[in-house]
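Open the model in your viewer and keep the selection panel at hand. Each stop below gives a selection and what is there.

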Amino acid sequence: MIPFSYNKAKSEPDAIARGADTAARFLGAGTNLVDLMREGIESPTVLVDVTDLSNRIEETDDGGLMIGAAASNTALAENAAVRERYPAVSRSILSGASAQIRNMATVGGNILQRTRCTYFYDVEGARCNKRQPGEGCDAIDGFNRGHGVLGVSPACIATHPSDMCVALAAFDATVHLAGADGRRVLPLTDIHRLPGDTPHVETVLTPGELITAIELPAPPVDARSTYRKVRDRASYAFALISVAAVLRLNDGRIADARIALGGVAPKPWRAREAEATLVGAAPDDAAFARAADIALSGAATRPGNAFKPELARRTIVAVLHDLAGASR
Amino acid sequence: MTQPSDKHAVPKAGENLKIDRREMLAGSAATIAGVALSGAATAEQPAVPVDARDPLIRTPGNLGAAHSRRDGPLKVRGEAKFAAEHKFPGMVYGALVFSTIARGTIRTIDTDAAEAAPGVVFVMTHKNAPRLAPPEPFYATRTGMAGSSLPVMQDASVHWNGQPVAVVLAATQEEADHAASLVNVAYDVEDAVTSFEDATAGADVAFYAGRDLKYVAGDAEAALAAAPVSVDREYSTPQQNHNQIEPHAVTVAWQDGVLRMHDCTQGVDMSAITMAKVFGIDPSKVHLTAEYVGGGFGGKTLWQYHILAAAAAQAAGRPVRMTLTREGVFRVCGGRAPTRQRLALGADRDGRLTALIHTGTTVKIAHNAMTEPFTEASHHMYQADSMHLEVRVGIMDMLGNTFMRAPGSAVGTFSLETALDELAEKLGMDPVELRIRNEPDNNPTTGKPFSQRALVDAYREGARRFGWRPRSGQRLGRREGEWFVGTGMASAYYPYKRFGGSAARITLTDDGKALVETAGADMGMGTSTATAAVAAERLGLPYEDVDVRHGDNKLPGSIIAAASQQTAAIGASVAAAHAALVAELAALAPEGGALRGQPAAALKTVDGSLALAADPSVRISFADLLARSGQTSISVEATAPPPTEVSEWSMHSTGAVFCEVKVNAVTGELRISRICGVYDCGRILNEKLAASQFRGGIIMSLGMAMMEYAQFDERNGRIANPSFGAYYMPSHLDVPEIDVAWTGIPDPQAPTGARGIGEISMNGPSAAVANAIYDAIGKRVRDLPITLDKLM
């Protein structure tokens, strides 16, 4: 870890002013950034701690929730409104990391955490286009059991590791940003970029831009949601695949369907084409299987993760089946 | 006191000999090497140890009581000091730079930036390292404790991906770590053998622990071909790494020519001697302690980091603490080698084995003497008319593989016990019944009588506790909602071992208390707790009045906590020291009294007194004896008799494991819902510690079954998952309630009747899981670990 200075931002303007330094990085709880610094992957010389900024979780006027970026993962998972109206969000958070990490980690930091590709972490001994643009990718022909099959590129097959983001994506969450050039609001699913041939550019955030809040719109009325995570051990493992789904039935037909996938892509992945085919269909396994096929139709696998599309398809069908059953 | 003239001379049983330490060590190592002492009974050395008539075997008194670990409160309070928690004045911190190629030469190594970095005291490379002798590896020499015989930082050559190529010393760990990242190395890369296929293309029969790993009886291939029922399968097991909770560490200082080491080794004495030889100093000039060790499992031996820390401390003139990062443990300290095995069984229609073929390949490095001996259990478990057991090994350019809990048998029982399950199915026979039908009367390969073996009892008790439903070839699995449920069983096996050279010193003080000292190690399994109970029982003192010291090479004996043998080794040492103590106490008894002049065998110690064995009411208290002689204490030291019991008897522990698994119909996710192990390990010395040991091994074996493997990248020989985040072991949620039980039948040939329990429970669960999976979903998986993609 290289020497660095540490400051705690007193206010949002203070944070933005300090974050304008090109050598600066915003620091949430540090559950990922400090690891990255220890491993020599990130080497900021200025850390701006933003954990004193808003961590409030408040009702919005249109029936949603505004979540301060400094809210802890645990606080969000335990929030009564989240548990009642966005149960998939609560479930997703509780399926991730450990209680200790969730107690520390911030919601804003969760969104900006970086991939857990083991070659990305091996600074000395492995090639990685994310770390060193253009040097090559050791994961593509290496151990890639945990790697992505959707939205990946020949330059990078890393996944975004978050559970929470998958559920937030299913509820159409938006991200509030503030920077030297002002404020803007983007859909969560527009925050992360696909790797293409520039996998080192991971988000659309401009230098010094700060996540200030995450907004959840009001959930669809009478919809049910859940989050299912499949992994290599029962706890404390990243998703091989995960599915967040929201389903609303009306008169025996699917009125609204949202499917978000984790563990398969460089970002929380919304399967919008699959969702579209479901609307108006009868909620049966044949329809769910068709949707699942569409969701995985673009999958590009490597030998280590060739099982993922089938695993994802099966899990999507099972999740939708359960939600439909619960809705009947 | 006599000085043995022969290097291999051993003291007579029970004789109180304070023998020269170096001689004692030579004796011990000969046994460890498995060569000199086996079958060495002579006229002076009875073929049965003193313990064969051991009263503790017949009347164990309080042995077995569930004393809690003596070190528990200290550890909970953070007061137990581990290797990386000791401090020396002026101490600096070490960090390592690891190679990134598997084989080649360092062309240039630029340390300028590192040397200029804040806090840096010294940077060591092959260019400025002190000249050192290569370390002696385990099994290759009598006292070798190193994982490899490679010279340590003596030239520019690179032999594995991850080899230390530079050491940085700095005022803080953070400064050392940062400076290490600034060392720039350029290599001339040479072709390396880093794929299993390439390495084993020219594999040859392995030589391990003094013998070829090959055994042939009859024509097994012909018998297999002629057998009315047979199975013939291939199995594979992956490379695994050690992941003790305490990462490897050492704190060293050179003090007036003495190398002082706070270490985390399983064998203080062998580690100290190996270090002395590397540095060309007399072993008496090494003082090595390892009072607390945070897990060993075979991996806490002597690795390059020890030597590098001591060398850098010498060169820099500063004490050094070197704590490996978790990645460092994966780069520098070896683990279990991968294997590919063939297991073929032929049987007649009644299920009696006519052929047992267990062959296959594994890999090792050119610089160690450690081959994963995966056929071991197949030598000793089942009667078969013909056998072919053979391990072939190839050389790979990798970090030195090493011992890892139940080396050989952990992976060998996986294939043996799953093949038996397949055979039972083909025979239409219950797998428990198949095993009972092949239970041997004597050892199936050596013909020696078993000292004690109640495996059939273990099967029956396990089946009863678990609620095993006998089957006759059909699957009994069922479905519960989204989950398939199945049950399976397997046998467990582990040999009894006792290495020579162990010794103990007992000191009685005039307050009626005793101190027992040995050079043994306690990696958390409760050595001092068990030793105190054994000594208290023998001395006739309350458990609380016996103190135990261990983990210091200046203490008596050469004892290694390995091969599940330390309990037996210490037990025999304490018995020998006790016999010597009785003789010395008898000499202090009043002239003309009933106790004076009695042979030791006619005396016993009871209730803090020396007494006539025939009439314990004739007694005199230790305190009186000491007061009478004007001494405040009396101290005796004795070496355990050589382990001749193993040359006369077939001594093994066995067990039966039953488990229930659930396999998710959608995802293939595997959950273990119930598991039960019943073990036949001789006497259990402490039921609480034993239950914990058994459970721990079962958990480790479940990890082997379900998830654990090193991602050894065959392109460049580098391990890709060197962290707890990426190298999976069971989380609490993966572990069900574990039911353990034991027969508790004392082994009449083992000291205090106990055979050692550290490793047996590593064997069995992985096969029981695979067999239960088959029962659940009808799929055989012969490739570990059994991840969900193999079950979808």
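Select chain A and colour by secondary structure: twelve helices and twelve strands. These are DSSP runs, H or I of at least four residues for helices and E of at least two for strands, numbered from the N terminus. The radius of gyration of chain A is 19 Å, close to the 20 Å of the globule rule for 328 residues, so chain A is as compact as a globular protein of that length. The radius is taken over C-alpha atoms, and the rule is 2.2 Å times the number of residues to the power 0.38.

A note on conventions: this is a predicted model, where local features need pLDDT of at least 70, side-chain atom pairs count only at pLDDT 80 or more, and totals for chains, interfaces and linings use all residues. Residues are numbered from 1 along each chain as written, chains are lettered from A and ligands numbered from 1 in written order, and side-chain values use heavy atoms, without hydrogens and water.

Now draw the principal axes. The C-alpha atoms of chain A fill a box of roughly 60 × 50 × 35 Å.

Next, colour by burial. Of the 328 residues in chain A, 57% are buried (under 20% relative accessible area, 1.4 Å probe, protein chains only).

Buried area is the accessible area (1.4 Å probe) lost on being put together, summed over both parts. Finish on Phe143(A), Arg233(A) and Arg314(A): in chain A they lose the most area to chain B, together 24% of what that side buries.

Methods:
Buried < 20%, exposed > 50% of the residue type's maximum accessible area, 1.4 Å probe, protein only. Buried area = accessible area lost by both parts, 1.4 Å probe.
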